[in-house]
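Dear colleague,

I am handing over the structure we spoke about, and you will find it just below. My notes on what was found in it follow, and I would be glad if you read them with the model open.

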Amino acid sequence: MKKLFKFLGIILLLIIVSAGIYYFATNEPLPEGKQGKEADALANKMLKALNIDAYKDTEILEWSFRNEHHYRWIKRSNVVVVKWDENTVHLFLNEPQKSLVDVKGIEVKNPDPKIIKQAQDFFNNDSFWLVAPYKVFDAGTERRLVKYNDKDALLITYTSGGSTPGDSYLWFLDENYLPTSFKMWTSIIPIGGVSATWSDLKDTKTGIKLPTKHKLSLFGLEIDMGEVTSENSKADILANNILKAIKHKAYKNTRFIEWSFGGKRHFKWDKEKHIVDVSWDSIRVHLYPRNKENSTVFINENKQEIANTKIVKKAWDIFNNDSFWLVAPHKLFDNGTIRTIQKVDDKDALLVKYTTGGTTPGDSYLWFVDENYIPKSYKMFVPSMNMNGVSATWQDWVTTKSGTLLPTNHIFENDRNLSMGAVKGYN
């Protein structure tokens, strides 16, 4: 027995010595940094790279933490559903005492405050691993610019809030100011400077980048964030109501659409084959938008043996611009679109941002609808043209032979009229 205790004592001593060696070999002191405008500027560059505006507008986030805790966070209501083991807590973040608790699917009438506190602690920790970079200007945060290996890094200290105030995190950014990793100085981990990746980012539906996993320098630990998703369900409902009102299903089945643009340019679009005749002045281009090299050019109805690429490019630009004025409300769910709700005069308006496609990706349009969800006007936010809220009507809708709704007229703020001509849609 004495030999056993002696053996266990040796093992314990070796563990203690190994832990001490590991601590002194890896422990880093908290770096010093400078507060002020430079630190705040770096923080703002990171937030811009992460699309902070889209994060603020995001309605719902879902994820899990190491497949043990599962979350559905309704951000605008500040309510989160937390599930673990056999427990489900509907956590009211602003008033935790009003939270609801289910155990095995049965509501608990007088829940133990400890289980609500547990859900709150889980959420504070696990949501941090999802959205920490978006929280650098939270109340109680201090930002410092740190020189680390001759590069600028951002040190964030949380002086209040959460479950462990006083923790600090040093963020490392790439050349585009996206976070790639960070180091931690926290009360939970006794070793200072433990690092974790922030590089396995996912582009979500609402336009924000969220991590799907993290790898820690501490014993090679990995944190899996599960199936990370974000959504703007209220905005999607409004967008679907608009599509229903303008007979979008009939639009999808429409074969041919004809219109003109200000009486200067004329179009006949075979939607099914996605081929369009674009005409202006003495020029007509038989345009293949997806394969421009297949396009043909006619001048005074004489076909060019070799199509002028500049003319084809001009026709492509014209079609992208002029078709948008005809069918933009039908494009609310195109690839690369982000939909959010904006309150204007206490009414919901639909903000749609195009992150890809077209001629000028990055443009945004704020749609105003009538009581039947038919668009009546919009505001344009087009940085390339210095448009910051320029408004235009979306009116004089007609029901085409194919059964869809298309506009025939637009009026701008300066009363300039833009006619879409004799609009036709047929099969």
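This is a predicted model: local features need pLDDT of at least 70, side-chain atom pairs count only at pLDDT 80 or more; totals for chains, interfaces and linings use all residues.

Residues are numbered from 1 along each chain as its sequence is written, and side-chain values use heavy atoms, with hydrogens and water left out. The chain averages a pLDDT (the predictor's confidence in each residue, from 0 to 100) of 91, and 92% of the residues score at least 70. Over residues 2–25, however, pLDDT stays under 50, and the model has 7 contacts beyond four places in sequence for them, a contact meaning heavy atoms within 4.5 Å.

Within strand 17 lies glutamate 258, which is partly exposed because its relative accessible area is 21% (buried is under 20%, exposed over 50%, partly exposed in between, with a 1.4 Å probe and protein chains only). Not counting residues up to four places away in sequence, glutamate 258 touches Phe267, Lys268, Ala422, Val423, Lys424 and Tyr426.

Strand 9 and its partners

All 6 of the 6 residues of strand 9 (residues 168–173) are buried, so this strand is largely enclosed by the rest of the structure. Ser168, Leu170 and Phe172 point one way from strand 9, whereas Tyr169, Trp171 and Leu173 point the other way. Strand 8 (residues 151–158) runs antiparallel to strand 9 and is joined to it by 4 bridges, with isoleucine 156 opposite tyrosine 169. Strand 10 (residues 179–185) is also antiparallel to strand 9, through 6 bridges, and here phenylalanine 172 stands opposite serine 181. In the hairpin of strand 9 and strand 10, which has 5 residues between the strands, tyrosine 177 takes a positive phi near 70 degrees.

The cavity

The structure holds 1 cavity of 30 Å³ or more, where a cavity is a set of points, on a 1 Å grid over the protein atoms alone, at which a 1.4 Å probe fits but cannot get out, and lining residues have an atom within 4 Å of a point. About 50 Å³ of space lies in the largest cavity, and its lining is made up of Lys205, Thr206, Ser230, Glu231, Asn232, Asp236, Ile338 and Arg339. Strand 16 (229–231) and strand 23 (337–344) each supply at least two residues of that lining.

With best wishes

Conventions. On a 1 Å grid over the protein atoms alone, a cavity is a set of points where a 1.4 Å probe fits but cannot get out, and a pocket is an open set with protein on both sides within 12 Å along at least five of seven lines; lining residues have an atom within 4 Å of a point. Grid points are joined across faces, edges and corners, and a volume is the space filled by probe spheres set on the points. Two strands pair if DSSP finds at least two bridges between them.
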